[in-house]
Structure formats: structure tokens, C-alpha cells
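Student: Hello! Could you help me learn to read a protein model step by step?
Tutor: Gladly, let's look together.

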Amino acid sequence: MNDKYERLQEALLEAGIDTLAIRAGQQRTAEGEHSEPIFTTSSYVFDNAAQAAARFANEEPGNVYSRYTNPTVRTFEQRIAAMEGAEAAVATSTGMAAILSTCMALLQSGDHVICSRSVFGTTTVLFNKFLAKFGVEVSFVSPVNADEWTQALQKNTRLFFLETPSNPLSEVADIAALAAIAKANNCLLVVDNCFCTPALQKPLQLGADIVVHSATKYLDGQGRCMGGVVVGAVEHMDEVLGFLRSCGPTMSPFNAWVFLKGLETLRLRMDAHSSNALELALWLEQQAGIDVVHYAGLSSHPQHQLAARQQRAFGGVLSFQLSGDRKAAWRFIDATVLCSLTANLGDVKTTIVHPATTTHGRLSDEQRAVAGISDNLIRVAVGLEDIADLKRDMQRGLDAV
Ligand SMILES: *Cc1c(COP(=O)(O)O)cnc(C)c1O
């Protein structure tokens, strides 16, 4: 550490998100490397026995074992924490591991959770199937109706969980309103900020306590690596790190390095995803054969005003309902050539998927009906290809219906 490093940390306190995305968290080694190094080491060497004892007892800062600290992972954690405006972050092996670690660290048997019913399908399974086994009760409510959250409150409610905008219908939850209800009832508000990223939305500034991410999506941005991260106050992140240390869903240093490179261009990519998605949504809305387009950037969207207030742009994911049935949706998907047929999203490559039979296939018919996942629904995660080519690809789909 030198004088310039200290002055840089001071400058970063007032820096914008692009500067933080490129500079925060980096601490050069004595080699003077410009790009962040990848520390592929499982453990660390101590100078002497006394130091080893102090490190193990948490009496002295420093690395012990890469299950819970690694310099490359730490750089990623500090960078994303700075971008979200948080005290600290804990990186995990996947986005689901981030959600699991948050719940395992902050909940106990007998606690009750209120969760948006429009969350990532696997998040629903995690609550219903696995956390339920350990005595954590969950109620699912509408993300767009704050009254339902108040009505679902119980004496043992500890945590609110939501994702906004939602996947695949782009429902937008009012983070500040739900944060106020959570706070008044001594509950923590956890927001899955995967679809917006801190480049478009900062839930902590709106009153949320914790942000979780699937880094697999936009933070990487090029579909290369699995990862997740939990962001929030040191008080809560210490608990999450404690879970990681004992239970092991750790991010690999190589993946952390890929995510660091992804973060550097995050704001630029999110703006480009958003402008491509908006243009495609406007175009789709005008085509015969499409009943409705779900995208918060459209003025026809029921929470358009809220999204415009809460987000800096509307993100890259949209969905639409064809005038037709499941077969029509499959014909549309199979006729596209540019779009990758894959469940992933947040990639420079545009992806297309039929939610009812893939991402939401494990839900019961009734759960799907409540969540609004109809058979004629198609989700497109708009990438960064030329917009004219994307429109041509959607036209191929429409022609095949
Ligand atoms: C993909 C995703 C997850 C899970 O992340 P993984 O990295 O696949 O485990 C959680 N939440 C949202 C909103 C997602 O899109």
C-alpha cells in the first residue's frame, strides 16, 4: 500500500458508477500489475505460529483459506459493494447460493418470509421445498400490491424477498414502499437486483437492507461463468460470510476475475441492452399476431411511471404473448435463427425461451396460472446485436406462427 493507493480510495468516495466499476477494490501487489491478478491458491502461508493462531482466531486480518477469503474474490466483492453503495459484499458460487446463503445466515426455524410470487422459478422451489424442510414458512404475494404484503404479515415475519423487474413479465415492485412496510415491522428487505444491476437501480438507496445478484447474468454479461453475490451492511455480511466459511458455496477466483472484467463495461452494456430492448418492444407492440408485450419501458405497461422513477433505464428482458397457443409459441421460437434458444439471460447474445415449459416448468399448472405464465408467452433477453437484425429474426418467428 502506498500514498497513491490511499489518495485513490479517497477519490473513489465521490466517484461515479463507471469509475467505481473500473477502479474500486483493486489493490496492486508489489509486482505493479495494471490488470487485476487471479490468485489461484487454496491456502495462504503464515510467517510464524503466532501469526497463524491470530489469523485463525480472527484477531488479525489476512487470508487463511480460499473458502472464505481470496484476494481476487475480495476485489470483486469490494467493487460490487461500492457500485451498490453498500458497506460490504460476499461473493458466492452461483446466484442461488447467494439467496440460500442469505436465508441460512439470517433466518431460523420458526421464521416467516413474505416473498413476491413473481420471483425466479428456482427461488420459489428453494423456499417451498428446501427452506420449508427446516421450518421456515413462506407466503407468496403480488409484487405490485403493497397491501398484500401488509396483510401477509405475521408475528414471526422476518424477511421480505422480491425481484424487480420480474421475470418474465416485467412487473415492477415499489422498493421504497415495501422497504417502509418492512422497516415498520422489523423485517429485512432483500432485493434480487439481477435484472437491473446497480447500473440501472440501487435498491439500498431506496431502503432495502440487502441486495442479491446472480452474477451469471449481466455482471458477467457474456455467458461465461456462474456466480452470485450478497451485498449489504457489515453486520449482515459477517453472518453471510460465516455461513460461507462453514458451508462452502464459495466463488472461484477465476470466476471473480471474469466478473471484474464484466463490471468494467456494465453501465455501457446495460444502456445498450436497454435501448435495444425498448426499440424491439415498441416494434413488437405494433405487429399483428402479438396480443401484448410486457416491458416496463412501454407507456402501456401498468408500472411504467414507477419504473421510470425507480430505474435509470428499463433493462434488456421483455416478453410477449402471441395470439395463439403453445404450439404457436414453439413454432415462433423454432423459426428464429439469430436468437439462441437457451434459458440464460444477461448475455450480449440475444436469447429466447418458452417459460411455461422450461424456466417455469417445475411450477404446478395452478402456480403458473397465478404467476401469469401462459402457454403463448415467449421471453426474449435482448442482446447487443444490430437492432435491424433482431427485428428480422422476430419477423421470421411471426411468419412461422
Ligand atoms: C438466474 C437467476 C438467479 C439464479 O442465479 P444462478 O447464478 O443461475 O444460480 C436468481 N435470480 C434471478 C433473477 C435470476 O435470473
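Student: Which domains does the domain assignment of the protein give?
Tutor: Domain bounds come from an automatic or database domain assignment. Here the assignment gives domain 1 (3-263) and domain 2 (267-400). This is a predicted model, where local features need pLDDT of at least 70, side-chain atom pairs count only at pLDDT 80 or more, and totals for chains, interfaces and linings use all residues. Residues are numbered from 1 along each chain as its sequence is written, and side-chain values use heavy atoms, with hydrogens and water left out.

Student: How much area do domain 1 and domain 2 bury between them?
Tutor: The size of an interface is often given as the accessible area lost when the parts come together. Domain 1 and domain 2 bury about 3000 Å² (lost accessible area, 1.4 Å probe, summed over both), and 56% of that is on carbon and sulfur atoms. In residues, 38 of domain 1 are in contact (heavy atoms within 4.5 Å) with 40 of domain 2.

Student: What is the count of salt bridges between domain 1 and domain 2?
Tutor: A salt bridge is a side-chain nitrogen of Lys or Arg within 4 Å of a carboxyl oxygen of Asp or Glu. Between these two domains the count is one. Elsewhere in our list of features, the side chains of Arg267 and Asp18 meet in a salt bridge, 2.8 Å from N to O.

Student: Which residues come nearest to the ligand?
Tutor: A residue is near if one of its heavy atoms lies within 4 Å. Of the 13 residues around the ligand, Gly95, Asp192, Ser214, Thr216 and Lys217 come nearest. A polar side-chain atom of Ser214 lies 2.8 Å from a ligand oxygen, and for an N or O atom in the side chain of Thr216 the distance to a ligand oxygen is 2.6 Å.

Note on methods: Polar contact = N/O pair within 3.5 Å; in protein donor to acceptor, adjacent residues only side chain to side chain. Buried area = accessible area lost by both parts, 1.4 Å probe.
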